[in-house]
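Me: Please pick one part of this model and take me through it closely, with the cut-offs behind each term. After that, I'd like to see how the rest of the model looks in the same terms.

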Amino acid sequence: MSTLTKMPQQGLISTLRGDRAKRLGPWALGLVALLAALGLQGQLYSGQERTVATIFMFVALAQAWNLIGGFAGYASFGQVVFFGVGGYFTAVAMSHWHFSFWMSLLLSGFVAALFAVIIGIPLLRLKGHYFAIATLGVAEGMREVVTNLTDLTGGGAGITVPTVGNNATTAYLGNDGFYLLFLGLAVLSVIVGGLVARNKFGYALRAINQDEDAAAALGINTTRMKVLTFALSGFITGLVGASYAFQQVTIFPERLFDVDITVLMIIMVVIGGSGTVLGPLLGAVALQFLSEFLRQNFTNLHTFILGAIIIVAVVLLPQGAVNYMREARRTKEFSLLANVRKYRL
Amino acid sequence: MSGFLQATVYGLLQGGLLALVAVGFSLVWGVMNVVNLAHGGFVILGAYVGWEMHEWFGLDPFLGMFVSAAVLFVFGYVLQRFLINLVINGPIFITLLLTFGLDLMIVQGMNLVFSADYRSIKTSYASNSLAFGSVRVPLGRLLAFALAVAITVLLVAVVNRTRTGLSILATGMDRGAARLMGIRARHVYALTFGIAAGLAGMAGAMIGTVGTFNPSAAASFTLMSFVVAVLGGLGNMYGALVGGLVIGLVQAWGGQYLPGTWVNALAFLVLIVVLIFRPTGLVGRAFYAARQEV
Amino acid sequence: MRSRTLAVAVVITASSLVVAGCGSKGEAKSANAAGSGTLAIGASLSLTGSLAREGVLTQEGYQLCQEKVNAKGGVDIGGTKVKLDIQYQDDTSKPDVAAQLVDQFNDKGIKLILSSYGSANTEAQAAVIERNGQLMVDSAGADNKIFSKGYKRTFAVLSPATEYAASIVKAIAELATPKPKSIAFLSADDGFSKTVTEGGMKAAKAAGFTVLDPQYFPNGTSDVSSALTKVKGQHPDVIIGSVHLVEGVAIIKQAKELGVTPAGFGESVAPPTPDFAKTLGAQAENVLGSSQWTDATKGTDKYFGTAKDYAKDIQAKYNHAPDYHNAEASAACLALVLAAEKAGSSKADAVRAALSGLDTESFFGTIKFDSTGQNLYKPMSVIQIQNGKALTVWPTESAEAKMIWPGTK
């Protein structure tokens with residue numbers, strides 16, 4: 001976890017060196033957004049808080065996926081495994097070992113990161129779709145492992161985090177508390193993404209993304225970089241999983257290792273713009289908000305409409321919203337049709 | 001011992017069916033580098049076409065599957081020609097996203113049109129079985145297996161021996177060069193996707209005969225196709241067949257000798273081990289694995 | 001430049017968040033304010049995803065209840081008749097969404113909830129119900145685990161999971177001649193099915209059967225061949241599946257393919273659903289199944305009449321034979337309505353008190369809850385598929401037909 005402690009310093013140094021206003025602007029705006037989110041909390045009903053907390057959860061998940069999938073270009077199709085490992089570690093630690101939630105939360109992050117290192121070393125040698133499917137295999141396999149370790153995990157019947165009575169190690173946070181917790185995780189993930197994007201670490205990852213052999217020739221220790229990134233990504237995802245487990249109280253293997261969650265992370269990143277910090281943030285907020293809106297208003301048709309909207313968005317903005325905006329500003333070419341022309345066969 | 005033999009036979013039959021499910025998925029991925037998340041949706045759609053044919057015209061599913069194939073071929077061709085071709089030059093994962101959107105629409109569309117009732121295409125013979133000593137060979141699955149193998153062989157012949165097939169291969173290897181040679185890439189891509197969808201539809205009709213289906217079964221077939229295609233390896237038309245048979249056997253044997261549902265973990269363990277030690281899949285070609293994809 | 005993009009983004013983010021939360025914090029408005037003329041009830045249903053089939057059946061049950069009650073003028077609360085207004089939301093078959101929906105209903109001031117389908121969804125909902133001081137009547141979450149947590153605000157009209165296979169065992173022990181000796185349980189690996197298996201094995205041991213090791217397979221699979229191959233060599237006299245529809249159909253289909261021929265099959269959940277006989281045709285003949293409800297159930301109530309009347313209504317409205325999932329849903333809704341009438345109030349606490357004291361006959365049989373909120377007073381029926389129809393064969397006092405044994409030729 002040395003990256004975590006080292007990075008803020010590097011980030012600060014490069015921040016001070018560059019054009020101050022341009023460098024600090026996004027951080028300031030981020031702060032405004034954070035204040036807005038905090039102010040918003042007072043305006044929401046309890047249940048709405050939970051809905052918005054889910055949006056924050058996906059912001060953190062999308063940012064985490066973006067580290068390995070967007071920056072490094074390794075499309076982890078089994079990212080949900082860290083979510084599941086983190087969630088189950090917390091549930092088991094709290095119910096069997098009587099750890100407090102905060103202790104379990106932190107440990108869950110490290111356990112997930114460790115897990116990422118263990119699977120990352122052999123799997124990150126694979127490229128492209130092969131890496132994708134191998135990680136998918138790990139996630140599906142872990143679900144079965146958790147399902148079969150009945151004594152520890154409760155198997156398919158699920159495991160319940162104690163939240164009432166004497167067994168409760170940490171009082172349930174309530175919708176207020178989880179709003180703040182997931183907001184905190186979202187902020188953490190955006191900061192990590194922002195720091196990675198702007199320092200040497202991030203440039204090394206982009207180099208790996210574009211041409212791994214060339215990056216190695218430049219003296220980048222590609223294996224170490226990739227494994228570290230995977231661990232960092234796993235760490236954040238594990239934290240989110242742990243928080244989710246506590247929020248849900250009872251968790252089940254099918255949901256904690258649900259491939260749909262991975263797919264959502266990927267979609268949010270790609271629609272927003274992969275390899276950027278803003279992209280996953282926008283993508284997660286937009287998609288989660290949209291799907292929730294559709295679900296509430298079109299009870300029978302919502303997935304159908306969502307599918308259609310995704311298709312239209314993909315056809316019009318294949319490079320993601322943020323990357324499109326950047327290209328369009330540079331070339332003064334805002335026409336979406338021209339954009340389609342660029343990518344069609 | 002008879003348990004082992006029975007598991008082996010059943011695993012092989014199951015594997016053949018899986019191979020047919022996955023062969024189109026593997027073809028599309030190999031030629032166009034598109035991972036089609038709507039593949040399972042095509043399979044189930046094929047099952048519904050087969051079911052309708054049987055219900056309304058009394059058509060035997062092993063004939064009805066050709067109707068499924070034809071319907072799905074047209075559907076696939078149109079989809080690729082007018083939709084997926086629009087983004088084929090975009091970043092790779094964009095096609096993944098597009099097909100995910102398609103999958104949502106197809107699955108929910110089937111839910112609305114056919115309802116979520118569980119169905120099965122009933123025949124008088126598919127559940128009967130031939131007995132060899134204590135080992136039973138179910139007729140429906142045997143037929144499906146034979147067809148799966150035959151269709152794979154036929155596909156290989158078409159791809160390797162016909163002009164169309166060669167143009168598919170050529171486009172898959174180097175689209176630019178292929179276009180310079182006068183190959184219409186748009187049409188070839190659409191054709192490839194159509195063939196893949198048609199094969200999925202065929203597999204669907206068979207699955208509808210030997211098993212039960214409803215729209216939500218689509219996801220598991222996409223997942224299985226993924227596993228089978230990678231296990232076998234891309235770039236070799238027999239890859240899906242090999243991958244399917246291996247998965248079928250692993251699951252049958254694992255189910256026989258492992259307690260609980262550990263067998264499911266085993267299938268994925270085999271997948272991961274194969275990928276680590278032989279990343280091109282069991283019979284795939286190195287070119288496809290080395291290709292810069294993401 | 002980059003920062004300006006960000007500025008736009010921040011505005012969009014913030015405004016979308018504000019839109020997501022339109023309204024101000026504080027006491028949520030009450031949906032059942034006096035004089036509004038309606039009694040609002042929230043129902044989260046699995047309308048998409050893996051439980052969509054059962055979700056639709058549940059919705060049909062709720063909907064029929066609403067129509068029946070409103071046809072009589074509505075719910076009589078303290079002398080005023082108010083219309084029943086059930087609001088449906090799709091939980092996409094996911095427990096976290098089902099739980100979130102309960103919170104969202106609470107925001108709208110809807111305190112009375114009808115449950116989603118399945119034990120996982122219901123369990124997730126029950127925890128939220130308890131925290132929010134809402135009240136839920138559970139139509140389809142049968143796992144006993146839900147009721148072992150000390151929840152005071154969840155009431156289930158259905159018999160618990162432990163009874164599903166146990167009732168089949170009891171029926172066989174009582175009615176099958178020659179009496180079979182050994183029973184093998186094949187079970188899906190979800191919590192509900194495992195509880196069904198445990199209950200069944202306990203009953204089987206108590207009845208003096210030899211019980212073989214249970215075989216598990218993944219929930220929702222259509223391939224149970226491994227489990228069948230394993231038990232084939234042990235030649236059990238009876239195979240009981242703790243399953244849902246897909247696995248239940250697979251057991252019968254693949255047992256035929258593999259030549260597994262016990263004297264009889266019994267299964268939870270699957271056989272009474274109309275899809276079972278429709279999908280399997282002749283192979284479904286003589287399979288035993290346990291059912292929460294059959295149209296031979298004794299009892300009557302003022303909204304639905306008898307079980308036979310109920311069956312007719314479902315057939316007329318939805319054009320299929322009634323399924324016990326329909327009946328559970330209608331019964332849950334009925335219990336809530338009767339309790340509200342008894343309480344003369346739509347307040348959650350008053351209705352809760354009325355529910356815990358409820359003791360009534362209905363088309364669903366007795367509705368009466370024990371201290372944990374389970375309806376232990378309603379027996380389960382055992383049905384057998386005979387000539388394509390699910391006929392009640394046990395308990396004998398409400399039997400429509402004699403059990404055919406052995407069930408396989």
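Reply: Happy to: what follows begins with a sheet and then moves on to the other chains.

This is a predicted model, so a word on its thresholds: local features are given only at pLDDT of at least 70 and side-chain atom pairs count only at pLDDT 80 or more, while totals for chains, interfaces and linings use all residues. Residues are numbered from 1 along each chain as its sequence is written, and chains are lettered from A, with ligands numbered from 1, in the order in which they are written.

The sheet is in chain C. It is an open one of six strands, with mixed pairing and the order β2-β3-β1-β4-β5-β6. Strands here are DSSP runs of E with at least two residues, helices are runs of H or I with at least four, and both are numbered from the N terminus. Two strands pair if DSSP finds at least two bridges between them. β2 (75–77) and β6 (154–156) of chain C each have a single partner strand and stand at the edges, so one side of each has no neighbour in the sheet. From one strand to the next, the twist averages 30 degrees; angles run from 0 to 180 degrees between N-to-C directions, and axes are lines fitted to C-alpha atoms, for helices over the stretch in contact.

Now for β1(C). Seven of its eight residues are buried, so this strand is largely enclosed by the rest of the structure. Buried means that 20 or more other C-beta atoms, placed from the backbone, lie within 10 Å of a residue's own; 12 or fewer make it exposed, and anything in between partly exposed. β1(C) runs parallel to β3(C), and eight bridges join them, with Leu45(C) standing opposite Asp90(C) in β3(C). β1(C) also pairs with β4(C) in the parallel sense, over two bridges; there, Ala43(C) has Leu114(C) as its bridge partner. Going on along the sheet, β4 (residues 112–114) and β5 (residues 135–138) of chain C pair in the parallel sense over three bridges, and Leu112(C) stands opposite Leu135(C). Helix α2 (residues 52–71) of chain C lies across β1 (38–45), β2, β3 (80–90) and β4 of that chain, at about 165 degrees to β3(C). Contact, which sits behind that description, means that two C-beta atoms placed from the backbone lie within 7 Å.

On to chain A, which has 17 helices and two strands. Its radius of gyration is 20 Å, close to the 20 Å that the globule rule gives for 345 residues, so chain A is as compact as a globular protein of that length. That radius is taken over C-alpha atoms, and the rule is 2.2 Å times the number of residues to the power 0.38. The C-alpha trace of chain A spans about 65 × 50 × 40 Å along its principal axes, and 59% of its 345 residues count as buried.

One helix pair in chain A is worth a look: α9 (residues 200–210) and α11 (residues 222–248) pack at an angle of about 110 degrees, with their axes 10 Å apart. That angle makes α9(A) roughly perpendicular to α11(A); the classes are roughly parallel under 35 degrees, roughly antiparallel over 145, roughly perpendicular from 65 to 115, and oblique for the rest. α9(A) brings Ala204(A), Leu205(A) and Ile208(A) to the contact, and α11(A) brings Thr222(A), Met225(A), Lys226(A) and Thr229(A). By class, the residues of this contact are four nonpolar, two polar and one charged. Nonpolar covers Ala, Val, Leu, Ile, Met, Phe, Trp, Tyr, Cys and Pro, charged covers Asp, Glu, Lys and Arg, and the others, Gly among them, are polar.

Helix α13 of chain A holds Leu264(A), which counts as buried because it has 22 C-beta neighbours inside 10 Å. Its C-alpha atom is separated by 8.3 Å from that of Phe58(A), 206 residues apart along the chain.

Finally, chain B has 12 helices and two strands. Its radius of gyration of 19 Å agrees with the value near 19 Å for a compact globule of 294 residues, and 63% of those 294 residues count as buried.
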